[in-house]
Amino acid sequence: MPDQTVAAPLRSVLYMPASNARAMAKARTLDCDAVVLDLEDAVAPDAKDAARAALVAETKAGGFGHRHLIGRINGWGSPWGADDLAALADAPIAALLVPKVERETDITALSLAMDAAGYAPEVELWAMIETPRAMLAIERIAAMAETTRLAGFVLGLNDLAKDTGMVQAPGRAVFMPVLVQAVLAARANGLVLLDGVCNAIDDPVRMEDECVQARDLGFDGKTLIHPAQVETTNRVFAPSEADLAQAHAIVAAFADPANAGKGALKVDGKMAELLHRDMAARLIAKAEAISARAG
């Protein structure tokens with residue numbers, strides 16, 4: 001099973017159309033943790049070939065700094081998917097994001113295709129989970145992480161809503177089973193897990209509510225469709241000062257020689273066990289990774 005530790009923060013993951021030169025330039029200046037250079041939804045059919053070439057050229061040109069670069073190709077069964085996958089083997093990306101993954105055999109085929117195309121071993125395969133069939137197979141798909149390049153899930157709730165009739169109302173109550181199942185499948189198999197986009201660009205309250213909901217469910221971060229959403233996402237998915245202070249107190253208490261060998265302690269009036277110490281250590285590591293990225 002892959003290590004569940006994320007080396008760098010992936011709180012804010014912004015989609016940018018690879019066909020738009022201004023958007024690609026803008027992506028180099030934003031405070032997002034990652035950029036998805038998109039060849040799928042954001043690119044018209046007659047611009048697909050040019051966008052593919054632009055993505056490779058722009059990533060090779062560099063200048064993206066700390067930002068994790070992800071290339072989203074068109075669906076594997078589309079007229080462009082195979083050419084996208086082959087071309088992006090020459091791009092310095094960290095992950096390849098593939099839409100409309102529906103079954104575990106898709107992961108096997110995609111991972112083998114990446115090998116055959118010459119992708120570096122460290123380039124990950126991320127899958128969009130955005131159809132009813134994918135949700136029904138999510139546990140089997142996630143388990144492919146053990147034997148393939150699969151390393152991440154990205155939820156596509158717009159497509160899932162379209163295919164099911166589920167309503168994306170504020171609070172996302174009807175999507176709660178989907179969100180929880182995605183968390184369980186991802187965490188059981190060490191996958192990065194990113195929430196779907198918030199369509200309400202002009203509703204910062206709804207955006208913040210979705211971020212808080214996803215954070216509290218255990219998501220690593222959220223995918224975004226507008227630069228204005230970056231600040232909220234970075235703030236919500238970062239440890240708060242209060243949580244970080246408590247984490248340091250728990251770690252320090254267990255590190256105290258006077259508490260050697262103890263499996264449970266009272267820290268600041270609350271019971272803390274070894275599992276709380278481990279959770280606190282992960283929170284501290286996340287804060288340190290965010291700080292290092294900002295520096």
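Strand β2, helix α2 (residues 48-61) and strand β3 make up a right-handed β-α-β unit; right-handed here means that, with the strands pointing away from the viewer, the path from the first strand over the helix to the second runs clockwise. Helices (H or I, at least four residues) and strands (E, at least two) are DSSP runs, numbered from the N terminus. The model is a predicted one, so local features need pLDDT of at least 70 and side-chain atom pairs count only at pLDDT 80 or more, while totals for chains, interfaces and linings use all residues. Residues are numbered from 1 along each chain as its sequence is written, and side-chain values use heavy atoms, with hydrogens and water left out.

Turning to the pairing, β2 and β3 (residues 68-72) run parallel and share five bridges, where a pair of strands needs at least two DSSP bridges. A34 faces H68 of β3. On the β1 (residues 12-17) side, β2 is again joined by five bridges in a parallel arrangement, and Y15 has V36 as its bridge partner. Getting from β1 to β2, the chain passes through helix α1 (residues 21-27) in a right-handed β-α-β crossover.

As for burial (under 20% relative accessible area with a 1.4 Å probe, protein chains only; exposed is over 50%, partly exposed in between), five of the five residues of β2 (residues 34-38) are buried, so the strand is largely enclosed by the rest of the structure. A34, V36 and D38 cover one side, V35 and L37 the other, and all are buried.

Charges over rings (NZ of Lys or CZ of Arg within 6 Å of the ring centre and within 35 degrees of the ring normal) turn up too. The charged end of K48 sits over the W80 ring, 5.0 Å from its centre, and R277 lies over the face of F254, at 5.9 Å from the ring centre.
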